[in-house]
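These are my notebook entries on a structure I had not looked at before. I wrote down what I looked up, one topic at a time.

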Amino acid sequence: MARPIRVEYANAVYHVTARGNERKAIYRDDADRRRFLETIDEAVERFGLLIHCYCLMPNHYHLLVETPRANLSASAGWLQTTYSVRFNRRHRRSGHLFQGRFKAHLVEEDVYARELIKYIHLNPVRPRNKRKPIPSDRKGALTRYRWSSHRAYAGLDKTREPWLCLDWLSYFGRRRRAAQGEYRRQIDRLFGQVIRPPWEDLRQGLVLGGDALWQKVRGLIAERKGDEEIRWRRRADAQEVSRVVARLVSEESDRRVAIWLRVRLSGERMTSVAADYGYRDGSGVHRVVQRLEQRAQVDRALARHLKGLAEEVSSVKS
């Protein structure tokens, strides 16, 4: 499998996350959770990191990390490797603990920081089905949850992890006490609501931010002029095509054309499309596509419509 593309520069901010191998737990008890936090402490000291937010879940973690020394790969890699060795030694096991390398998205602070903090902190109480609202009766569970930076932001802990940087409380108010109160009010208002994932704004798998950050990242990747840059361009194009096709499908009233869009222009597997449209297997989808294309040979209006859709998708630029 190709290695994830990393874009690193001084003072970059990332959302970093990783899951356990086979989605298994990466902490078996509170002693493991404490050991992970201690390992973060060492990483902060060793690599000069700033940790703005964190949340430990049973089989994954979230960190909002700032890297003054432009050393994300070295620091996050060290964190996972070191913790894995300690976990395996304690539990007398061997093998991978994490499912591959960590994921990292570049984040634009002023635009997304506040929403990311809240979204990450709500992880312990968010329903598995992300389309459902956060249950109102889970407020107490969030208040009691000890394995995130929520209680520090809310002013509920007299002590906090010494490495946790609370500079981002300024997004909620100028003075700490007022900022903590505003943070609590904003969190409370989210209970009973469906929370829109910030990842829906992720730009081509790398950037959560505006045009300035996006152009900076594109420039840094272009400077590499190697296989990684080519691979990223291909992946970026594919992701953009998928977004355009999804929009066209949502706007398309003809079910047959929607199926054609997904199969011919997005390259989705017919078996996957079949499940969404009530077909037993991919053969039904194949027949729909074939008949539509045959119809287009004699129906000029349909042919123009399909050609226009194909041209819109082919015009996508990374």
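Entry 1, the sheet. I began with strand β1 and found that it pairs with strand β3 (residues 60-67) in the antiparallel sense, over eight bridges. I took two strands as paired if DSSP finds at least two bridges between them. Helices (H or I, at least four residues) and strands (E, at least two) are DSSP runs, numbered from the N terminus. In β3, Val-65 is the bridge partner of Tyr-14. I then looked at strand β4 (residues 103-107), which runs antiparallel to β1 (residues 12-19) and is joined to it by four bridges. Opposite Val-16 I found Ala-104 of β4.

I noted the basis of the model before going on. It is a predicted model, in which local features need pLDDT of at least 70 and side-chain atom pairs count only at pLDDT 80 or more, while totals for chains, interfaces and linings use all residues. Residues are numbered from 1 along each chain as its sequence is written, and side-chain values use heavy atoms, with hydrogens and water left out.

I wrote down the strand order of the open five-stranded sheet as β2-β3-β1-β4-β5, with mixed pairing. β2 (50-57) and β5 (207-208) are at the edges with a single partner strand each, so one side of each has no neighbour in the sheet.

How many of the residues of β1 are buried? I counted seven of its eight; buried means under 20% relative accessible area, exposed over 50%, and partly exposed in between (1.4 Å probe, protein chains only). Next I looked up the largest nonpolar core, which has 74 residues. Such a core is a set of buried Ala, Val, Leu, Ile, Met, Phe, Trp, Tyr and Cys residues joined through side-chain atoms within 4.5 Å. Val-16, Ile-40, Tyr-61 and Leu-63 have the most contacts inside this core.

I looked up α7 (residues 211-222) and found Leu-213, Trp-214, Val-217 and Ile-221 buried in it. They cover an arc of only 100° around the axis, which puts them on the same side of α7; the arc is that of the directions from the helix axis to the C-beta atoms. On the face turned away from that buried side I found the exposed residues Asp-211 and Ala-212.

I took a salt bridge to be a side-chain nitrogen of Lys or Arg within 4 Å of a carboxyl oxygen of Asp or Glu, and the structure holds 23 of them. Asp-211 turned up again here, meeting Arg-203 at 2.9 Å, N to O. Asp-211 has a relative accessible area of 52%, whereas Arg-203 is partly exposed at 23%.

I then looked at Arg-247 and Glu-312, whose closest N and O atoms are 2.5 Å apart. Arg-247 is in helix α8 (residues 227-251) and Glu-312 in helix α12 (residues 300-314), so this pair ties together parts 65 residues apart in sequence. I also noted a network of salt bridges that links Asp-29, Asp-32 and Arg-90.
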